[in-house]
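I opened my notebook to look up a few things in this structure. Below are my entries, in the order in which I made them.

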Amino acid sequence: MIYKVLYQDHVVEVPVRENTKAMYVEAKSDSEVREKLYALPIQVEFIQELEGEHLKYERASDDFEIVQVEDL
């Protein structure tokens, strides 16, 4: 499954909508996504499973790239 993760780069700062970034992660569950991202210095705001038409829409974006968390 593909998950869209909305996050902020700064863990200790208050989240500001304009600073929100997105990454796409492949995992079996949202719990697995959280485990993969745990060691990264980011503040996860939201994790959303993508499927069907929504996944198709996201894939059409120029920014769509599945991140290999182990490479970060």
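**Entry 1: salt bridges**

I began with a search of the whole structure, and it turned up four salt bridges. I counted a salt bridge where a side-chain nitrogen of Lys or Arg is within 4 Å of a carboxyl oxygen of Asp or Glu. A reminder to myself: side chains of opposite charge can pair when their charged atoms come close.

Before going on, I noted that this is a predicted model, in which local features need pLDDT of at least 70 and side-chain atom pairs count only at pLDDT 80 or more, while totals for chains, interfaces and linings use all residues. Residues are numbered from 1 along each chain as its sequence is written, and side-chain values use heavy atoms, with hydrogens and water left out.

One of the bridges joins the side chains of lysine 21 and aspartate 9, at 2.3 Å from N to O. Lysine 21 belongs to strand β2 and aspartate 9 to the loop between β1 and β2, so this pair ties together parts that are 12 residues apart in sequence. My helices (H or I, at least four residues) and strands (E, at least two) are DSSP runs, numbered from the N terminus.

**Entry 2: bridges inside the helices**

Glutamate 32 forms a salt bridge with lysine 36, their closest N and O atoms being 3.7 Å apart. The two are four residues apart in helix α1, so about one helical turn separates them. Glutamate 32 counts as partly exposed at 23% relative accessibility, and lysine 36 does as well at 26%.

I then moved to helix α2, residues 52–59, where glutamate 53 and lysine 56 are three residues apart, or about one helical turn. They form a salt bridge with the closest N and O atoms 3.3 Å apart. Glutamate 53 is exposed at 58% relative accessibility, and lysine 56 is exposed at 53%.

**Entry 3: glutamine 8**

I stopped at glutamine 8, which lies in strand β1.

Next I asked what the side chain of glutamine 8 meets. It makes a polar contact with the side chain of glutamate 45, at 2.6 Å. A polar atom of the glutamine 8 side chain also lies 2.9 Å from the backbone oxygen of valine 16. For a polar contact I needed a pair of N or O atoms within 3.5 Å; within protein, one must be able to donate a hydrogen and the other to accept it, and residues adjacent in sequence count only if both atoms are side-chain atoms.

Leaving out residues up to four places away in sequence, glutamine 8 touches several others, among them Pro15, Arg17, Asn19, Thr20 and Ile42. Contact here means heavy atoms within 4.5 Å.

**Entry 4: the cores**

With neighbours within four places in sequence set aside, isoleucine 42 is in contact with Tyr7, Gln8, Asp9, Val11 and Met23. Isoleucine 42 is part of the largest nonpolar core, which has 12 residues in all, including Tyr3, Val25, Leu37 and Val69. I took a nonpolar core as a set of buried Ala, Val, Leu, Ile, Met, Phe, Trp, Tyr and Cys residues joined through side-chain atoms within 4.5 Å.

Which elements give two or more residues to this core? They are β1 (2–8), β2 (21–26) and α1 (30–37). β1 gives the most, with three residues. A second, separate core has five residues, including Ile2, Leu50, Leu55 and Phe64.

**Entry 5: the loop and the whole chain**

Valine 12 sits in the loop between β1 and β2 and is exposed, at 83% relative accessibility. Its C-alpha atom is separated by 8.2 Å from that of glutamine 43, 31 residues away along the chain.

Last, I stepped back. The chain has two helices and four strands, in the pattern β-β-α-β-α-β along the sequence. Of its 72 residues, 28% are buried. Among contacts with a separation of 6 or more, 62% are between residues 24 or more positions apart.

Technical notes. Buried < 20%, exposed > 50% of the residue type's maximum accessible area, 1.4 Å probe, protein only.
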